[in-house]
Amino acid sequence: MTIKELLIQEIDSTPDELLADLLSLVRSLKSSPHSQLNIYEQLLERIDYLEAVIGIRKGLESFSRGEGIPADQAMTALKQQFNIPPRP
């Protein structure tokens with residue numbers, strides 16, 4: 001799948017409120033140069049947020065397809081892998 005196709009898929013599954021918020025932020029990038037640094041930082045924060053939302057959605061979709069293990073099994077495997085001793 002191409003990046004463009006992935007982007008379109010993510011846009012289609014993103015709530016309108018988030019898209020409107022992102023669009024308003026992108027439009028504000030046309031503002032004066034002294035305020036662009038703050039806008040850039042806001043954009044980075046929003047990108048991080050959207051990446052987290054996308055990752056959570058992908059994880060939930062994967063889990064609903066049966067691709068996953070329960071948390072207690074995952075924790076046991078991680079404890080064994082990293083030699084984490086049991087709690088006293």
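Here is a walk through the chain, from its overall shape down to its charged and nonpolar spots.

This is a predicted model, so local features need pLDDT of at least 70 and side-chain atom pairs count only at pLDDT 80 or more, while totals for chains, interfaces and linings use all residues. Residues are numbered from 1 along each chain as its sequence is written, and side-chain values use heavy atoms, with hydrogens and water left out.

Let's start with the fold. The chain has four helices and zero strands, where helices (H or I, at least four residues) and strands (E, at least two) are DSSP runs numbered from the N terminus. Its radius of gyration is 19 Å, well over the 12 Å that the globule rule gives for 88 residues, so the chain is more spread out than a compact globule. That radius is taken over C-alpha atoms, and the rule is 2.2 Å times the number of residues to the power 0.38. Along its principal axes, the C-alpha trace spans about 55 × 30 × 25 Å.

How much of the chain is buried? Buried residues make up 9% of the 88, with buried meaning under 20% relative accessible area, exposed over 50%, and partly exposed in between (1.4 Å probe, protein chains only). Gln 9, for one, is partly exposed at 40%. The accessible surface of the chain comes to about 7600 Å², and 62% of that belongs to carbon and sulfur atoms; the areas come from the Shrake-Rupley method with a 1.4 Å probe, and for residues only the protein chains shown count as cover.

Now for the charges. There are 9 positive and 13 negative side chains, and the centres of the two sets lie 1 Å apart. Lys and Arg count as positive and Asp and Glu as negative, leaving out His and the chain ends; each charge is placed at NZ of Lys, CZ of Arg, CG of Asp or CD of Glu.

Side chains of opposite charge can pair when their charged atoms come close. A search of the whole structure finds two salt bridges, each being a side-chain nitrogen of Lys or Arg within 4 Å of a carboxyl oxygen of Asp or Glu. Arg 46 and Asp 21 meet in one of them, at 2.4 Å from N to O. This pair links distant parts of the chain, with Arg 46 in helix H3 and Asp 21 in helix H2 (residues 16–28), 25 residues apart. Arg 46 is partly exposed at 27%, and Asp 21 is partly exposed at 34%. Glu 67 also forms a salt bridge, with Arg 65, the closest N and O atoms being 3.0 Å apart. Here Glu 67 is partly exposed at 45%, whereas Arg 65 counts as exposed at 53%.

The surface has patches too, made of residues with over 30% relative accessible area and no salt bridge: like charges are joined within 9 Å, nonpolar side chains (Val, Leu, Ile, Met, Phe, Trp, Tyr) within 5 Å. Glu 41, Glu 45, Asp 48 and Glu 51 gather in a negative one, and Glu 51 sits in helix H3 (residues 33–64). Met 75, Leu 78, Phe 82 and Ile 84 form a nonpolar patch with about 400 Å² of accessible area together. Leu 78 belongs to helix H4 (residues 71–81) and is partly exposed at 39%.

Finally, look at Asn 83 in the segment after H4. Its phi is near 50 degrees, a positive value in a residue other than glycine, and Asn 83 is exposed at 66%.
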